[in-house]
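Reader: I have a structure to go through and I'm new to this. Can we take it piece by piece?

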Amino acid sequence: MADYDVAIIGGGAAGLTLTHRLRGINDRRGRPLRVALVEPPPGPHTPPPRTWCFWEPDGGPWDGLLAARWDRLSVVGADGEVHSSPAAPYVYKMLRSADVDAHVRATAGEHVDQLPLLVTGVRDGRGEAVVEGDRPDGGAAALTAEWVFDSRPPRDAPRGRTHLLQHFRGWFVRAPGDAFDPGAAVLMDLRPAQPANGVAFGYVLPLSSREALVEYTEFGREALTTEEYERALGRYCDLLGLSGLEVTAAEQGVIPMTDAPVRTRAGNRVFRVGTAGGATRPSTGYTFSGVRRQAEAVARALAEGRVPVPPVPHRRRHLVMDAVMLRALDTGRVRGAEFFSGLFAANRLGDVLAFLDGGSRLHRELAMGLSTPVAAMSLTTAEHVWHSLRAGPARRP
């Protein structure tokens, strides 16, 4: 018998969500699943604290841990015009990774082992897989599991025809006086200076009347240096009319945005989850909702005794639409600020959020498409179809 039914590699959003979802799950024989959460011991391989934002209807499973929530959202166009509306039927939510981590560990239960192990390899097999790594004392260790879910970025990440980066840096700031509306967030502010290709924008997520996360983001081929982000954030705060701010913390990151096809199955017994398993929506960089859908599907499969292949949690047509949008941005056929300004100006925010989360209907998606640069998007769509036909079934996204 393998040491564990399930081994989960990585304690990020995907690993923690799956660990939490499998808590208390029984297999088809009614036996509690034995789960190992495997992650590096504290040290240089430990990821820094970060925030996870997403939208969903009220009453979600993580609501008790939210750092903030916003019922009203606004988008500021490149021309300065503000488009505000309730987010209904959604609420925009923020979680802090440290809070999720602490909660998952505290509620893991006796059938979940938390193992500090720097994984060096995974060997697939017919009946079980072997996870190998180094213990905190430097010694080698190994464990066996019937199923392994690996959330680490693959060594050779797939690169599609279009490969952009969503790269960003944010400041947690404290103002000397009331400066923010805690119930309203700026989802996208397109007034910052724009790059030649792609798009740049800021956003503001208030945590109280005096505190907020202010972030600068670009979609482009290359990330900036920390100094360049700092200058961009300073200019954006000036644009917002904020002065005398105290920066209490900062976060910085890069998220891949690609049309590369993703396969979640890496072997007989090994699967990929999270960004490595296609949970990130290519057009937005949002991952948290996709991670939750993957975890739900895996839990159902294990409870029913099926092979627990995680799904790519996005509809095929949405991935095609994302591929077209990314290509149009990368080629410069559409100007990013104009594209997003038009999209949010012509459509209710709740409808756009439904599309970006995969819950929209086709007729609404077609209507939204008419609010984008139709000629440029049609040309890019035709080019995408031609490229897909020439690439063959194995390489089509």
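Reader: How exposed is R174?

Author: This is a predicted model. In it, R174 has a relative accessibility of 34%, so R174 counts as partly exposed.

Reader: What does R174 form with E246?

Author: A salt bridge, in which the closest N and O atoms are 3.1 Å apart.

Reader: Where are the two residues of the R161 and E383 pair?

Author: R161 lies in the loop between β11 and β12, and E383 lies in helix α9. They are 222 residues apart, so this pair too links distant parts of the chain. Their side chains meet in a salt bridge, 3.2 Å from N to O.

Reader: Why do R161 and E383 count as partly exposed?

Author: R161 has a relative accessible area of 30% and E383 has 22%. Buried would need a value under 20%, and exposed a value over 50%.

Reader: Which residue does R152 meet in a salt bridge?

Author: D150, at 2.7 Å from N to O. R152 is partly exposed, with a relative accessible area of 32%. D150 is at 11%, so D150 counts as buried.

Reader: How many salt bridges are found in the whole structure?

Author: A search of the whole structure gives 32. Some residues are linked in a network of salt bridges: D5, D27, R29, R31 and R34.

Reader: Which residues make the nonpolar surface patch?

Author: V385, W386 and L389 make a patch of about 340 Å².

Reader: Which residues of α1 are buried?

Author: They are A13, A14, G15, L16, T17, L18, T19, H20 and L22.

Reader: What follows α1?

Author: G24 does, and its phi is positive, near 80 degrees.

Reader: Zooming out, how many helices and strands are there?

Author: The protein has 9 helices and 17 strands. Its radius of gyration is 22 Å, close to the 21 Å that the globule rule gives for 397 residues, so the protein is as compact as a globular protein of that length. Along the principal axes, the C-alpha atoms fill a box of roughly 65 × 55 × 40 Å.

Reader: What share of the residues counts as buried?

Author: 50% of the 397 residues. As for the surface, the protein exposes about 18,200 Å², and carbon and sulfur atoms supply 53% of that area.

Reader: What about contacts between residues 24 or more positions apart?

Author: Among contacts with a separation of 6 or more, 74% come from residues 24 or more positions apart.

Key:
Residues numbered from 1 in each chain as written. Predicted model: local features only at pLDDT ≥ 70, side-chain atom pairs only at ≥ 80, totals over all residues. Heavy atoms only, no water. Patch = residues over 30% accessible without salt bridge, like charges linked within 9 Å, V, L, I, M, F, W, Y side chains within 5 Å. Areas by Shrake-Rupley, 256 points an atom, 1.4 Å probe, with all protein chains shown as cover. Salt bridge = Lys/Arg side-chain N within 4 Å of Asp/Glu carboxyl O. Buried < 20%, exposed > 50% of the residue type's maximum accessible area, 1.4 Å probe, protein only. Helix = DSSP H or I, 4+ residues; strand = E, 2+ residues; numbered from the N terminus. Rg over C-alpha atoms; globule rule 2.2 N^0.38 Å. Contact = heavy atoms within 4.5 Å.
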